[in-house]
Amino acid sequence: MYYRKVPRITNLWSKVTDGEKGEWLSKLFIESTRPFEHSLIRVDNEVIIIRCKGVMLNMPEGKISINDGLVREVCLKQDNSDSTSIELFLDQPAEVKLATLEVFPFRLEITLDRSYLARLFSGKTVMIDPAHGGKDTGGQGAVSLMEKDVVMPIAINLQKALQRAGAKAVLTRNGDEDISAKERFEKASLEKADIYISLHTHACADSRVAGAATKYLANSDDSTALATYIQEELVKKIKVADRGVAEELEPVLPVALPAVEVEVVTITNIVEEVFLRGLTIQKRAAEGIFNGLRDYFAVRQSDLKVN
Ligand SMILES: [Zn+2]
């Protein structure tokens, strides 16, 4: 039958990777049963459409969240029986290139340059505080997971992401040591950090309570803005209940710079405790916080241009 001969788009996936010349790239791969005609339309800085002719979708129409720091989402549409559009929604402007890979399945490769993101983070110093440590275990889950242990891999993932983006990222502790809040703040001041992010999990006597929250220090509007951006992007990325943003009343944050406390999930909720053991959430939580920092620095940069 004729329809069997029409190429079908069967899969879409993405990755963040380094180019051959050390460029920092987002890549999207559209897989299909056979090659098809395509053309690129740049709608504006943040929207790109790829019109594909003679190809049908063999996967659901609609939006796919990417949130890799540059590509927010991709929308697949079957325009009519022989044309499909792939719409890319970006968080910032980026150069885009298309290439075809004659392999099976056939691949259309979309490459986007992440250098705008790198410029945003260049010259910034972020102090990351994996909270608690040593005898101070922090909160504890029913199955024995400890807050002091779980904040560490998230902190390291966040540090790596920031370093790849060209920022300086320093941890307040590198091992399982119990250090005072004062020592943590002194390290931030020694590093002349631009912002301070303390990583925690929430603990609650009621084991039904779940979700993420971000607390800000009421020392400046910057702290409030930072908490709002991080909370929004974190919840988007790890898809847990949104416990919102709130003022931090405990003396766990330094007053000298914009500072927030992120409660990534609730460790006393059994579902989230199990979830927290996974490498995926540890990485995704860091990506969500990274995306919140991106929004913070992007807005601060545009404020500077206006003034
Ligand atoms: Zn804590």
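**Exercise 1. In what order do the strands of the open 5-stranded sheet stand, and which strands are at its edges?**

Solution. This is a predicted model. Step one is the order. The strands of the open sheet run β5-β1-β2-β10-β9. Their pairing is mixed. Step two is the edges. β5 (56-57) and β9 (96-101) each have a single partner strand, so one side of each lacks a neighbour in the sheet.

**Exercise 2. Find how β2 is joined to β10, and name the residue opposite L28.**

Solution. Start with the ranges. β2 covers residues 24-32, and β10 covers residues 106-113. Next, take the direction: the two strands run antiparallel. Then count the links, which come to 8 bridges. Finally, look across from L28. The residue opposite, in β10, is I110.

**Exercise 3. State the bounds of the two domains, the distance between their centres, and the make-up of their contact.**

Solution. First, the bounds. The domain assignment gives domain 1 as 2-113 and domain 2 as 119-306. Second, the distance. Taken over C-alpha atoms, the centres lie 33 Å apart. Third, the contact. Domain 1 supplies 4 residues and domain 2 supplies 7 residues. Fourth, the classes. The side of domain 1 that touches domain 2 holds 1 nonpolar and 3 polar residues, with no charged ones.

**Exercise 4. Which members of the largest nonpolar core touch the most other members?**

Solution. Begin with the core itself, which has 73 residues. The members that touch the most others are V126, L158, L162, Y196, I197, L199 and I289. Now place the core in the chain. Domain 1 and domain 2 each give at least three residues to this core. Last, take Y196 and set aside its neighbours within four places in sequence. Y196 then contacts M127, D129, A188, L253, P254, L257 and A259.

**Exercise 5. Sort named residues of helix α3 (181-190) into buried and exposed, and say why the buried ones share a side.**

Solution. List the buried residues first: R184, F185 and A188. Check their directions around the axis. They span an arc of only 95 degrees, and therefore lie on the same side of α3. Turn to the other side. There, K182, E183 and L190 are exposed. Next, find the packing partners. The buried residues of α3 pack against β11 (125-130) and β13 (195-202). One of these buried residues, A188, is also among the contacts of Y196. To finish, go past the helix. K192 follows α3 and has a positive phi, near 50 degrees.

Notes
Residues numbered from 1 in each chain as written. Predicted model: local features only at pLDDT ≥ 70, side-chain atom pairs only at ≥ 80, totals over all residues. Pairing = 2+ DSSP bridges. Helix = DSSP H or I, 4+ residues; strand = E, 2+ residues; numbered from the N terminus. Core = buried A, V, L, I, M, F, W, Y, C linked by C-beta atoms within 7 Å. Buried ≥ 20, exposed ≤ 12 C-beta atoms within 10 Å, placed from the backbone. Domains from an automatic or database assignment. Nonpolar A, V, L, I, M, F, W, Y, C, P; charged D, E, K, R; others polar. Arc of directions from axis to C-beta.
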